[in-house]
Amino acid sequence: MNKRPTLKLKTKPAPGQAPAAPKLRPSYHPDLKPVLQPGFQPDLRADSLAFCLLGAANAVAQVRTGTALPQALAKVFTQSNASPQARGAIQDISYRTMRQLGRSETLVGLMTSKAPEPPMLAALLCCALSLMSAEPGEQPYEEFTVVDQAVTVATSHPDLAHAKGMVNAVLRRFLRERKSLLEAALQQPLAQWNYPQWWIDSLRLAYPRDWQAILTAGNAVPPLTLRVNRRKSTVEAYLAVLAEAGIAARQVGPFAVRLDKPIGVALIPGFEQGVVSVQDAGAQLAAPLLDLQDGMRVLDACAAPGGKTCHILELADVQVTAIDADAKRLPRIAENLERLGLDATLKAQDAQSSAWWDGQQYDRILADVPCTASGIVRRHPDIRWLRRKGDAFQLATLSSKILDNLWQMLRPDGKLLFVTCSLWPQESEAQAAAFAVRNNATRLTAPGQLLPTGSAEQDHDGLFYALFQKNAA
């Protein structure tokens, strides 16, 4: 058996003697921290649950260090070269974990004496627990399969191998003590609601009657809602097409059709032909509120990914300029326009600036301003874990500058529609009221704050709408 090397104190070299070359520490020295390898790809079967658990754990760990889930998943897919089927499973586990992260982290805390390290170890446990703690009959995998595959992940990865015993012990303890552990965890608001405490407190303050329903709606799996292109069909005609294809659906808005069960876009009748687009029913209210008339000049500020841009062009023959500060997002708008057979001028420009503006005022302006996106957490469950309490104030300050800048670009008697997908009043109603006072704007009828809902008759995210008219000089 090899003996561990003895550490010696440093000594000064004798006079005239060159200093000894520094020696490297042995790799097993206790003071040497291992170099993490989150991108390491172990030899796991590409069609195994272990492969998908590893990908999901990697994505969840990235979210917990500040990366949005879509970007984290894109990185995982590139690194792992996952098949389409595996990508679907990784994405499903990741989103499921985000919706249950508060409960899973609380359970991990109840079963461990200290926070698991590195972050991907905690993420692996949370992914496994999110699969195992589903209601009976709704579990996507057998519990013992999840345990076995999670241990396989830990065994195969250099960052996790030291904790394979702990992974096995924690998950098997959950199987033995499920009822008591869940009862203990659900005493904590973090586990009960799966939101940060500040988020829960803020909703209770803003919506004392509705806060529980809002939290519940945000934890639901979102529906697949389509917008029927008025230029190519009607809701009634398209529902008949779906019925003929054996796809159950119902109308949930003037142009909105919600499928009873989500399907891939490639399977949606007429999608490639531009008959329909994917868009939340609440977001479909924007274009009609603009009261568009043929020949108008319309500005869509902060336009990506372009759903509202396309809807504007479906409703009227208008000249649309769509701007977005992120040039990388413009191709997505262009793809949507091409699929629908529509045309708009796209510019990578900042809505805070007027340097790009040609000085010709617009008849209508759609200002879908940056916000915390607190109203769309059912579609983006990572948002609740990425946001901080002070973000709403910072984003409201930015949005106020954008609105004031865009107002100068609107002609007298023109209309500006202020849209935000936030639930926080300082980003919505308080913002709208302050804007009207600053600019002497006339406020017209609009829905105001829409709270997220998923009823049979209505199904939409949480959005806010305020419509303003510019007084003639």
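Buried residues have under 20% relative accessible area, exposed ones over 50%, and partly exposed ones fall in between (1.4 Å probe, protein chains only). By that cut-off, 50% of the 473 residues of the protein chain are buried.

This is a predicted model, in which local features need pLDDT of at least 70, side-chain atom pairs count only at pLDDT 80 or more, and totals for chains, interfaces and linings use all residues. Residues are numbered from 1 along each chain as its sequence is written, and side-chain values use heavy atoms, with hydrogens and water left out.

**Whole chain**

The protein chain has 17 helices and 13 strands. Both are DSSP runs numbered from the N terminus: helices are H or I with at least four residues, strands are E with at least two. The C-alpha atoms fill a box of roughly 90 × 70 × 45 Å along the principal axes. Contact means heavy atoms within 4.5 Å. Among contacts between residues at least 6 apart in sequence, 72% join residues at least 24 apart.

The chain exposes about 23,500 Å², and carbon and sulfur atoms supply 53% of that. The areas come from the Shrake-Rupley method with a 1.4 Å probe; for residues, only the protein chains shown count as cover.

Strands of a sheet pair through backbone hydrogen bonds, either parallel or antiparallel. Here, two strands pair if DSSP finds at least two bridges between them. An open sheet of 7 strands has the order 7-6-5-8-9-13-10, with mixed pairing. Strand 7 (345–348) and strand 10 (442–450) are the edge strands, each pairing on one side only. Neighbouring strands of this sheet are turned by 15° against each other on average, direction ignored. Axes are lines fitted to C-alpha atoms, for helices over the stretch in contact, and angles run from 0 to 180 degrees between N-to-C directions.

Helix 13 (residues 307–315) packs on this sheet and touches strand 5, strand 6 (319–324), strand 8 and strand 9. Its direction makes about 180° with that of strand 6. Helix 14 (residues 330–340) lies across strand 6 and strand 7, at about 170° to strand 7.

Strand 9 (residues 410–420) is mostly covered, with 8 of its 11 residues buried. Arg-364 has Lys-415 of strand 9 as its bridge partner. Phe-418 stands opposite Ala-466 in strand 13. Asp-300 stands opposite Leu-366 in strand 8.

| Strand pair | Sense | Bridges |
|---|---|---|
| Strand 5 (297–301) and strand 8 | parallel | 4 bridges |
| Strand 8 (362–368) and strand 9 | parallel | 6 bridges |
| Strand 9 and strand 13 (463–469) | antiparallel | 6 bridges |
| Strand 1 (224–228) and strand 3 (256–259) | antiparallel | 4 bridges |

Another open sheet has 4 strands in the order 2-3-1-4, with antiparallel pairing. Strand 2 (249–251) and strand 4 (276–278) stand at the edges with a single partner strand each, so one side of each has no neighbour in the sheet. Neighbouring strands of this sheet are turned by 30° on average, direction ignored. Arg-227 has Ala-256 of strand 3 as its bridge partner. Helix 11 (residues 235–244) packs on the sheet, touching strand 1, strand 2, strand 3 and strand 4. It makes about 170° with strand 2.

**Tyr-95**

Tyr-95 sits in helix 3 (residues 84–99). Its relative accessible area is 15%, so Tyr-95 is buried. Leaving out residues up to four places away in sequence, Tyr-95 touches Leu-69, Pro-70, Leu-73, Arg-379 and Pro-381. Tyr-95 and Phe-418 are 323 residues apart in sequence and 30 Å apart in space, C-alpha to C-alpha.
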